[in-house]
Amino acid sequence: MNKTNKIFIATSIDGYISDRNDGLDWLNSVPNPDNEDMGYNNFIDGIDANVIGRKTFETVCGFDIDWPYTKPVFVLSNTLDKIPENLQDKAFLIKGSLSEILNQIHKKGFSRLYIDGGKTIQHFLKEDRIDEMTITTLPVLLGGGSELFSVLPEELEFELVDSKVYLNALVQNHYRRKR
């Protein structure tokens with residue numbers, strides 16, 4: 001079983017994934033009249049499950065949309081007691097150290113994981129558990145908000161696998177961890 005942990009996320013030029021008010025409206029700042037998915041569906045086809053933090057889970061639950069995930073979602077939280085009843089078969093609460101969490105998920109047969117949420121991504125990076133990153137940069141400076149990256153205990157080297165421009169405005173870089 002080839003185990004991989006991947007990121008697919010958008011940032012501002014200055015590296016923020018949400019604005020100062022935890023808002024995401026800036027993600028729609030570039031017109032996308034044809035609703036181009038910018039590689040997202042292809043990315044999702046290559047994963048088995050999502051791993052997200054509590055804050056991301058609560059943000060998604062607050063959107064006025066149907067549940068957007070087609071794969072199982074594992075929610076990392078030490079404070080949530082249960083998943084809302086309407087999501088019981090779609091989202092699963094999971095606790096423990098990162099190694100314990102990954103072992104639990106892998107034992108369930110999921111090996112290609114989509115890691116999402118700022119703190120969750122930072123935690124995975126701190127433990128050198130990210131294998132690939134697809135980062136799409138929008139042409140906006142937010143000047144504050146939630147950062148994608150934080151201080152790491154050591155330098156992590158990645159190699160650029162691919163780079164694309166979408167909508168003549170967004171730059172998407174795909175990196176792979178050098179091991």
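## What lines the second largest pocket

Five elements each give at least two residues to the lining of the second largest pocket: strands S1 (4-12), S7 (132-138), S9 (158-166) and S10 (170-177), plus helix H1 (40-45). Helices (H or I, at least four residues) and strands (E, at least two) are DSSP runs, numbered from the N terminus. S9 brings the largest share, four residues.

This is a predicted model, where local features need pLDDT of at least 70, side-chain atom pairs count only at pLDDT 80 or more, and totals for chains, interfaces and linings use all residues. Residues are numbered from 1 along each chain as its sequence is written, and side-chain values use heavy atoms, with hydrogens and water left out.

## Space and residue classes

The second largest pocket holds about 280 Å³ of space. Its lining has 17 residues, and Gly 39, Asn 42, Phe 43, Thr 134 and His 174 are the closest to its centre. A pocket here is an open set of points on a 1 Å grid over the protein atoms alone, where a 1.4 Å probe fits, with protein on both sides within 12 Å along at least five of seven lines; lining residues have an atom within 4 Å of a point. The volume is the space filled by probe spheres set on the points, which are joined across faces, edges and corners.

## Two loop residues with positive phi

Met 38 sits in the loop between strand S2 (16-18) and H1. Its phi is near 55°, positive even though Met 38 isn't a glycine. Met 38 is buried (under 20% relative accessible area), at 15%.

Asn 168, in the loop between S9 and S10, also isn't a glycine and has a positive phi of about 55°. Asn 168 is exposed (over 50%), with 76% relative accessibility. Both labels rest on a 1.4 Å probe and protein chains only.
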